[in-house]
Amino acid sequence: MSTRQGRIWVGIDAGKGHHWAVALDADGETLFSTKVINDEAQILALIETARERADEIRWAVDISGRATTLLLALLVAQGQSVVYVPGRTVNRMTGAYKGEGKTDAKDARVIADQARMRPKGFAALDTPPELVTSLRVLTNYRTDLIADRVRLINRLRDLLVGICPALERAFDYSAAKGPVAMLTEYQTPAALRRIGVKRLTTWLERRKVHRAADVAAKAVGAAQSQQIALPGEKRSAKLVCDLAHQLLALDERIKDNDREIRETFRTDDRAEIIESMPGMGPILSAEFVAIVGDLSGYRDAGSLASHAGLAPVARDSGRRTGNYHRPKRYNRRLRRVFYLAAQSAMMRPGPSRNYYLKKRGEGLLHTQALLSLARRRIDVLWAMLRDGRLFTSAPPVTHAA
């Protein structure tokens, strides 16, 4: 019969269909190694097995996402503490362990051993609030929809080049609905020449296309510049028609998704404060909340900036000191949120534009000045959330004691 331990570490190599769990004692000896189906009953059985082996259990996982949603929810519900060991750490440390092979069991052992040897080196995990989880689902879905939209537009433009290059050049199909609506019915130069500007304008106006006359004039003008029918035109035209219908339907889905994101985000108590900051519209604000949650995982504005990759890290060696470079490990989506917000704010008169122009005057490139502005705005946003006050271009008033 095995001896009951005071404390053990359980590393879990997580996956969609199943996980692999390895438990280690204080000396790094393996207590058990087992495959666990991603199922409530089997995960609860794993927790019970671990409880039978020790008074205190430290759990560690290498994935913090959908694959571990059920696992983390059950661990938290059972009062267990869980830390996140990044996959990058696991991959780098695997070479320090015996054997060249890579298996789920070995990865799980590395995860457990790293958590054992570095008790304060990894971030604790918890199940996020319902609002944060909902925003993560909605914003992730929006990212997928936008990627689908880009793919459809690229495919549509590629097909149009094979029908009429002038018509492909005539419009920015990613920014205007009117030309896409036109392509649901008229895709070839011959069809556009037959209908003419006047009738095409009427057709577009019935479909509530903005500036229908301009769209019709540009389309027919492009068609008149090409009299020859290119090989494969009929088949390409049918595909363009289908892609145009898909694109219009996708735009409606994105619009509905954006509305749901706005409505969900604005139920957050901090929504008004975050949105009051120039450049932080409801979509970027929702992404910010989806990533950072309640900010409890950050000590200060500097740690938030570090997570966004906006705080330089030192690279000193020997006599070389004060050498800083951009970090390699950071959240790309969070960096994008702050970058886009700074870019939007910089375009309007105000303190953000003034700061940007100041940095350009100091010799920084456009991107460098924007990143510097984004870093500064993190300090401002942190102070706004800490003090519970809306953004104002005037500095806060301090009262003497």
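1. Helix H12 is mostly covered, with eleven of its eleven residues buried. Buried here means under 20% relative accessible area, exposed means over 50%, and partly exposed is the range in between, with a 1.4 Å probe and protein chains only. The buried set runs through Pro 282, Ile 283, Leu 284, Ser 285, Ala 286, Glu 287, Phe 288, Val 289, Ala 290, Ile 291 and Val 292. These residues pack against H5, H10, H11, H13, H14 and H16, where contact means heavy atoms within 4.5 Å. Just after H12, Gly 293 has a positive phi of about 65°. Helices (H or I, at least four residues) and strands (E, at least two) are DSSP runs, numbered from the N terminus.

2. On provenance: this is a predicted model, in which local features need pLDDT of at least 70 and side-chain atom pairs count only at pLDDT 80 or more, while totals for chains, interfaces and linings use all residues. Residues are numbered from 1 along each chain as its sequence is written, and side-chain values use heavy atoms, with hydrogens and water left out.

3. Confidence is expressed as pLDDT, the predictor's confidence in each residue, from 0 to 100. The chain averages 90, and 95% of the residues score at least 70. The lowest confidence is in strand E8 (residues 324-325), at a mean of 65; the highest is in helix H10 (residues 233-265), at 96.

4. The largest nonpolar core has 43 residues, and those touching the most other members are Phe 288, Val 292, Leu 295, Leu 304, Leu 334 and Phe 338. A nonpolar core is a set of buried Ala, Val, Leu, Ile, Met, Phe, Trp, Tyr and Cys residues joined through side-chain atoms within 4.5 Å. At least two residues each come from H5 (130-161), H10, H11 (271-275), H12 (282-292), H13 (301-307), H14 (332-346), H15 and H16. The largest share, nine residues, comes from H16. Apart from this core lies another, of 39 residues, including Leu 160, Ala 181, Leu 183 and Ala 222.

5. Val 292 deserves a separate entry. Leaving aside neighbours within four places in sequence, Val 292 is in contact with Tyr 298, Leu 304 and Leu 334. Leu 304 and Leu 334 are also listed with Val 292 among the core residues that touch the most other members.

6. Which residues does Asp 268 touch, not counting those up to four places away in sequence? They are Leu 131 and Val 289. Asp 268 lies in the loop between H10 and H11 and is buried, with a relative accessible area of 10%. The side chain of Asp 268 reaches the backbone nitrogen of Arg 270 at 2.7 Å. A polar contact is a pair of N or O atoms within 3.5 Å; within protein, one must be able to donate a hydrogen and the other to accept it, and residues adjacent in sequence count only if both atoms are side-chain atoms.

7. Thr 184 is in the loop between helix H7 (177-183) and helix H8 (189-206). Is Thr 184 buried or exposed? Thr 184 counts as buried because its relative accessibility is 14%. A polar atom of the Thr 184 side chain lies 2.5 Å from the backbone oxygen of Ala 181. Beyond neighbours within four places in sequence, Thr 184 is in contact with Trp 203, Cys 241, Ala 244, His 245 and Leu 248.

8. Gly 363 lies in the loop between helix H15 (351-361) and helix H16 (366-387). Gly 363 is exposed, with a relative accessible area of 56%. The C-alpha atoms of Gly 363 and Leu 31 are separated by 60 Å, and the two residues are 332 apart along the chain.

9. Six strands form an open sheet of mixed pairing, in the order E3-E2-E1-E4-E5-E6. Strands E3 (30-37) and E6 (123-125) are the edges, each pairing on one side only. Neighbouring strands are turned by 30° against each other on average, direction ignored. Strands pair if DSSP finds at least two bridges between them.

10. Within that sheet, E1 (residues 5-13) and E4 (residues 54-61) run parallel, joined by seven bridges; Ile 8 has Ile 57 of E4 as its bridge partner. E1 and E2 (residues 18-24) run antiparallel with five bridges, and form a hairpin with four residues between them. Val 10 stands opposite Ala 23 in E2. Strand E5 (residues 81-84) pairs with E6 in the antiparallel sense over three bridges, with Val 83 opposite Ala 124.

Definitions and conventions
Axes are lines fitted to C-alpha atoms, for helices over the stretch in contact, and angles run from 0 to 180 degrees between N-to-C directions.
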